[in-house]
Amino acid sequence: MPESINPPDDGETEPVRLPDSDLESIEASVRKLLDQSAEQARQLDSLASAPPPADSPFGAFGMPGMSGFAGLPSPAAPPEPRPILELEGEEYEDELDSLSDWVDDFLVRVYGAEVTTAAPWCEQWQEHADVVAWLHALWLAYQQHKDPEAGPAGLFVWHRDFLTHAMATVRAAGGPLSACMTDPDRPAHRLLPSPPPSNRTTTTTEEPEETEENSELGQADG
């Protein structure tokens, strides 16, 4: 314990003197704290040695990504969306199933006007490749514009720039479904034939040969 010293009559206080054993205990505690602080600094330096990925949510705060903690791998970025007609096999079928759910449960139920000769439809629209492509593009645009990052006007832009134009094209009187159902009580499905392939004109040597023959005949007549 520190030695108690009574102040002198003049009011001045002499310095407090600690026993040597107390000084050694305090010095040991200070050294321990300094060692712990140095170890924490080394750990922070090792975590911050590799910069976080550009898309890491920790980057804005100057913190390491998840890969810097306990050896955890960075989360894989979601795949970029691709046009459905570029997909094949099971990948195409899975995407078509998801698209069909959206079209049947949302698009047609909310925006499907009555089936008439001016607005045909097809219950087998999945077999019309051009219709699949149009509706898939519309679905991708819907996912983009309903995202909070699109802002409060995102869905209005989707209605104005995508929904109206896509549905008018798909269900046009002379569009890809014009040979299908034009009466809700009379289901029909028919694929319209595509135009034949173009005939490319090729240059031949027949015309120059004929010209040469005509020239020889003209010389003989002369």
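**Helix 2 and a pair of cysteines**

Tyrosine 111 has a relative accessible area of 27%, so it counts as partly exposed. This is a predicted model.

Me: What makes tyrosine 111 "partly exposed"?
Reply: Its relative accessible area is 27%. Buried means under 20% and exposed means over 50%, so a value in between is called partly exposed.

Me: Where does tyrosine 111 sit, and what is it in contact with?
Reply: Tyrosine 111 is in helix 2. Setting aside neighbours within four places in sequence, tyrosine 111 is in contact with Phe106, Trp158, His159, Leu163 and Met167.

Me: How do you know whether helix 2 is parallel or perpendicular to helix 3?
Reply: Look at the angle. Helix 2 (residues 89–111) packs against helix 3 (residues 129–145) at about 75°, and their axes are 10 Å apart. Angles of 65 to 115 degrees count as roughly perpendicular, so helix 2 is roughly perpendicular to helix 3.

Me: Which residues make that contact?
Reply: From helix 2 come Tyr92, Glu95, Leu96, Ser98, Leu99, Trp102, Val103, Phe106 and Leu107. Helix 3 brings Val132, Leu135, His136, Leu138, Trp139 and Tyr142. Sorted by class, the contact has twelve nonpolar, two polar and one charged residues.

Me: Which residues of helix 2 are buried, and what do they pack against?
Reply: The buried ones are Tyr92, Leu96, Leu99, Ser100, Trp102, Val103 and Leu107. They pack against helix 3 and helix 4 (154–170).

Me: Where does helix 2 bend?
Reply: At valine 103, by about 40°. Valine 103 is also one of the buried residues of helix 2.

Me: Why are cysteine 122 and cysteine 180 called buried?
Reply: Buried means under 20% relative accessible area. Cysteine 122 has 0%, so cysteine 122 is buried. Cysteine 180 is at 5%, so cysteine 180 counts as buried too.

Conventions: Residues are numbered from 1 along each chain as its sequence is written. This is a predicted model: local features need pLDDT of at least 70, side-chain atom pairs count only at pLDDT 80 or more; totals for chains, interfaces and linings use all residues. Side-chain values use heavy atoms; hydrogens and water are left out. Axes are lines fitted to C-alpha atoms, for helices over the stretch in contact, and angles run from 0 to 180 degrees between N-to-C directions. Helices (H or I, at least four residues) and strands (E, at least two) are DSSP runs, numbered from the N terminus. Angles under 35 degrees count as roughly parallel, over 145 as roughly antiparallel, 65 to 115 as roughly perpendicular and the rest as oblique. Contact means heavy atoms within 4.5 Å. Ala, Val, Leu, Ile, Met, Phe, Trp, Tyr, Cys and Pro count as nonpolar, Asp, Glu, Lys and Arg as charged, and the others, Gly among them, as polar. The bend at a residue is the angle between axes fitted to the seven residues ending there and the seven starting there. Buried means under 20% relative accessible area, exposed over 50%, partly exposed in between (1.4 Å probe, protein chains only).
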